[in-house]
Amino acid sequence: MPGRSLLFVANWKMQFSFNDVLQFCDAHSDDLIALDAGSAHQFVVCPSFDCLYPVYKCLQGTSISLGAQTCSSHEKGAFTGEVSAQSLAQLGCTYCIIGHSERRLHFHESNEDIAAKAVRLVNCDVKPIICIGENREQFERKKTMAIISEQLKPVIEQLNSLAHIPSSLCIAYEPVWSIGTGEVPPISYLDETFRLLAEQCSLDLPDTVSCIFLYGGSVNESTIGQLAAVDWINGFLIGGASLDFQKFRNMVSLCL
Ligand code: PGA
């Protein structure tokens, strides 16, 4: 809906190499400053681990946040190849995506792993962006709410057990069948799904927690206008269309 402040999260996945990121930063550091200064929206850029520091340097002087794409479910120790929530915080990350469907599918992350990651992040003052979503078969069998409730349950349970639960929580609903396919769900379906999700979260979380609901899956210049009209949606998790700065800027301007 025009006039709302939305959260735009760019998920660069593993699409850019280190050199690509350096080039992106060289080409667009002024554009990022201008985008940030001229917009009521908030932005988060999530590069791969190796590129966090160069992007951190590039975003200095803007209020654009840095985010990671995953983190370890462990605090520290002998976990070769993993990166801890504490390191992410020290690197300047204020957000971290967890439970992306590609992590669930290719790296067999369970709902319990994701819940443990949420706790690690919150303990280090990094905001988790918790991804949930059904696959095509589940969508066709009308199992969406059952699936996303099951995905969220251990995360919410773990967060509720903390002494300090964060005052806001980002939840990204991404239908798996919509990611990278160009297909987005019907608006009436999104309206209903986010409404039920919001109801569930308000039942399961303390009143002090406000939820920021993101939609992800084929958000691009042609789909964003209709998606932004869904009142429940507070922002977007954007993959492919976030890699091209011009497209990204156009999407933002379609939500002014
Ligand atoms: P997409 O990806 O925008 O390319 O569909 C979204 C995501 O995977 O987060």
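Student: What volume does the largest pocket have?

Tutor: The model is a predicted one, and the values we discuss are computed from it. The pocket in question is lined by 15 residues, which divide into five nonpolar, seven polar and three charged. Its volume is about 400 Å³.

Student: Which residues of that lining lie nearest the centre of the largest pocket?

Tutor: Helix 4, residues 101–106, gives the largest share of this lining, with three residues. Of the 15 lining residues, those nearest the centre of the largest pocket are Lys13, Met14, Gln69, Arg103 and Phe107.

Student: Is Lys13 buried or exposed?

Tutor: Lys13 sits in the loop between strand 1 (7–11) and helix 1, and its phi is near 50°, a positive value in a residue other than glycine. The cut-off for burial is a relative accessible area under 20%. Because the relative accessible area of Lys13 is 18%, Lys13 counts as buried.

Student: Which residue's side chain is joined to that of Ser48 by a polar contact of 2.6 Å?

Tutor: Ser48 counts as buried, at 13% relative accessibility. The polar contact of 2.6 Å runs from the side chain of Ser48 to that of Asp50.

Student: Which element gives the most to the lining of the second largest pocket?

Tutor: About 250 Å³ of space lies in this second pocket, whose 14 lining residues include Ser101, Arg104, Gly133, Gln151 and Val176 nearest the centre. By class, the lining has three nonpolar, seven polar and four charged residues. Helix 4 and helix 7 (144–160) each supply at least two of the lining residues, and the element that gives the most, with five residues, is helix 4.

Student: Why does Thr144 count as buried?

Tutor: Thr144 is placed in helix 7. Its contacts, not counting residues up to four places away in sequence, are with Glu134, Gln138, Phe139, Tyr173, Tyr189 and Thr193. Burial requires a relative accessible area under 20%, and Thr144 counts as buried because its relative accessibility is 6%.

Student: The backbone oxygen of which residue lies 2.5 Å from a polar atom of the Ser178 side chain?

Tutor: Ser178 lies in the loop between strand 6 (168–173) and helix 8 (187–204), and it is buried, with a relative accessible area of 0%. Beyond four places in sequence, Ser178 touches Glu183, Val184, Pro185, Tyr215, Gly217 and Ser218. The backbone oxygen at 2.5 Å belongs to Glu183.

Student: How many residues does the largest nonpolar core have?

Tutor: The residues with the most contacts inside this core are Phe8, Leu88, Leu197, Tyr215, Phe236 and Phe248. Phe236, for instance, touches residues including Leu6, Phe8, Tyr215, Ile224 and Cys255, not counting residues up to four places away in sequence. Another core, of 12 residues, lies apart from the largest one and has Ile97, Ile129, Cys131 and Ala172 among its members. The number of residues in the largest core is 70.

Student: Which element gives the largest share of the lining of the largest cavity?

Tutor: A search of the whole structure finds one cavity of 30 Å³ or more, and about 80 Å³ of space lies in it. Its lining divides into 10 nonpolar residues, one polar and no charged, and among the lining residues are Trp12, Phe43, Ser242 and Phe248. Helix 1 (18–37), strand 2 (42–46) and helix 10 (245–253) are the elements that give two or more residues to this lining. The largest share, three residues, comes from strand 2.

Methods: Residues numbered from 1 in each chain as written. Heavy atoms only, no water. Core = buried A, V, L, I, M, F, W, Y, C linked by side-chain atoms within 4.5 Å. Buried < 20%, exposed > 50% of the residue type's maximum accessible area, 1.4 Å probe, protein only. Contact = heavy atoms within 4.5 Å. 1 Å grid on protein atoms, 1.4 Å probe; cavity = no way out; pocket = protein on both sides within 12 Å on 5 of 7 lines; lining within 4 Å. Points joined across faces, edges and corners; volume = space filled by probe spheres on them. Helix = DSSP H or I, 4+ residues; strand = E, 2+ residues; numbered from the N terminus. Nonpolar A, V, L, I, M, F, W, Y, C, P; charged D, E, K, R; others polar. Polar contact = N/O pair within 3.5 Å; in protein donor to acceptor, adjacent residues only side chain to side chain.
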